[in-house]
Amino acid sequence: MELVVTDLACARGGVPVLEGVGFTLAAGQALMLRGPNGIGKTTLLRTLAGLQPPLAGTVSAPPESIAYAAHADGLKATLTVTENLTFWARIFGQTDIAPALEAFDLADLAGRPAQNLSAGQKRRLGLARLLVTGRPIWMLDEPTVSLDAASVAQFGHAVARHLAQGGAALIATHIDLGFEAGVLDVTAFRARPRRIDSFDEAFA
Ligand SMILES: Nc1ncnc2c1ncn2[C@@H]1O[C@H](COP(=O)(O)OP(=O)(O)OP(=O)(O)O)[C@@H](O)[C@H]1O
């Protein structure tokens with residue numbers, strides 16, 4: 001599924017962050033979001049994934065086509081690895097969690113409660129959830145935090161497989177993930193400061 005973003009503007013905490021964002025992401029393609037800390041990469045991903053409304057512009061792909069993985073792992077602490085994946089698979093109408101366990105080398109940890117995993121293992125489980133969504137467009141915010149080199153490579157392979165199967169990925173990351181990808185530097189879309197004209201606007 002193709003994602004076409006046109007003239008998008010987005011805000012965080014009521015403050016415009018980015019404007020005029022436009023790009024196309026075709027099936028099979030990945031795009032790396034770049035730009036300094038605080039420029040608006042997370043804000044853009046949240047807006048594209050439908051977690052917050054844009055100030056302006058259009059996003060061609062519906063939120064139902066997007067799987068969003070935020071900074072936080074979002075795991076159920078007392079559920080095991082298998083139970084976490086099964087829980088998420090059911091939400092997305094899927095049943096098979098075996099490929100997710102395999103892709104992220106989680107089989108040996110399948111019976112362990114999420115709260116007893118290391119930070120990197122939690123992150124692997126968080127990312128494995130992408131595979132049980134069945135959704136074509138992955139939007140990932142700093143997905144490699146806490147991962148060691150082998151796990152980064154494993155994650156890179158999982159994304160590459162997703163792309164080969166006709167998926168697409170938009171990834172905010174500062175590191176090279178080992179597969180061919182375009183780069184979108186969001187610095188080019190930094191919102192210009194504007195005058196606040198009313199009390200209501202100042203505290204919106
Ligand atoms: N909850 C919030 N309320 C108000 N402003 C926020 C909030 N979260 C972030 N911001 C501000 O919004 C702007 C964009 O933040 P955002 O998290 O999108 O940047 P980023 O490019 O993802 O940064 P990083 O590379 O550090 O993760 C920043 O100036 C930040 O300080």
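Which residues point one way from S6 and which the other way, and are they buried or exposed?

Reply: This is a predicted model, in which local features need pLDDT of at least 70 and side-chain atom pairs count only at pLDDT 80 or more, while totals for chains, interfaces and linings use all residues. Residues are numbered from 1 along each chain as its sequence is written.

From S6, Ile137, Met139 and Asp141 point one way and Trp138 and Leu140 the other way, and all of them are buried; a residue is buried if 20 or more other C-beta atoms lie within 10 Å of its own, exposed if 12 or fewer, and partly exposed in between, with C-beta atoms placed from the backbone. Because five of the five residues of strand S6 (residues 137-141) are buried, the strand is largely enclosed by the rest of the structure. Helices (H or I, at least four residues) and strands (E, at least two) are DSSP runs, numbered from the N terminus.

S6 has a partner in strand S5 (residues 66-69), with which it pairs in the parallel sense over four bridges, two strands being paired if DSSP finds at least two bridges between them. In this pairing Ala67 stands opposite Trp138 of S6. S6 also pairs with strand S7 (residues 168-172), in the parallel sense and over five bridges, and here Met139 stands opposite Leu170 in S7. Between S6 and S7 the chain crosses through helix H5 (residues 149-164), and this β-α-β crossover is right-handed, in that the path from the first strand over the helix to the second runs clockwise with the strands pointing away from the viewer.

These pairings belong to an open sheet of five strands, with parallel pairing and the order S5-S6-S7-S3-S8. S5 and strand S8 (182-185) stand at the edges with a single partner strand each, so one side of each is left without a neighbour in the sheet. From one strand to the next the twist averages 15 degrees, where axes are lines fitted to C-alpha atoms, for helices over the stretch in contact, and angles run from 0 to 180 degrees between N-to-C directions.

Within S3, Met32 stands opposite Ile171 in S7 and opposite Val183 in S8, and S3 and S8 run parallel, joined by four bridges.

Ser146 counts as partly exposed because it has 16 C-beta neighbours inside 10 Å. Leaving aside its neighbours within four places in sequence, Ser146 is in contact with Ala119, Gly120 and Arg123; Gly120 and Ser146 are 26 residues apart in sequence and 4.8 Å apart in space, C-alpha to C-alpha.

Helix H4 (residues 119-128) has eight of its 10 residues buried, so it is largely enclosed by the rest of the structure. The buried residues of H4, among them Arg123, Leu125 and Leu127, pack against S5, helix H2 (81-91), helix H3 (98-103) and H5.

Technical notes: Two residues are in contact if their C-beta atoms, placed from the backbone, lie within 7 Å.
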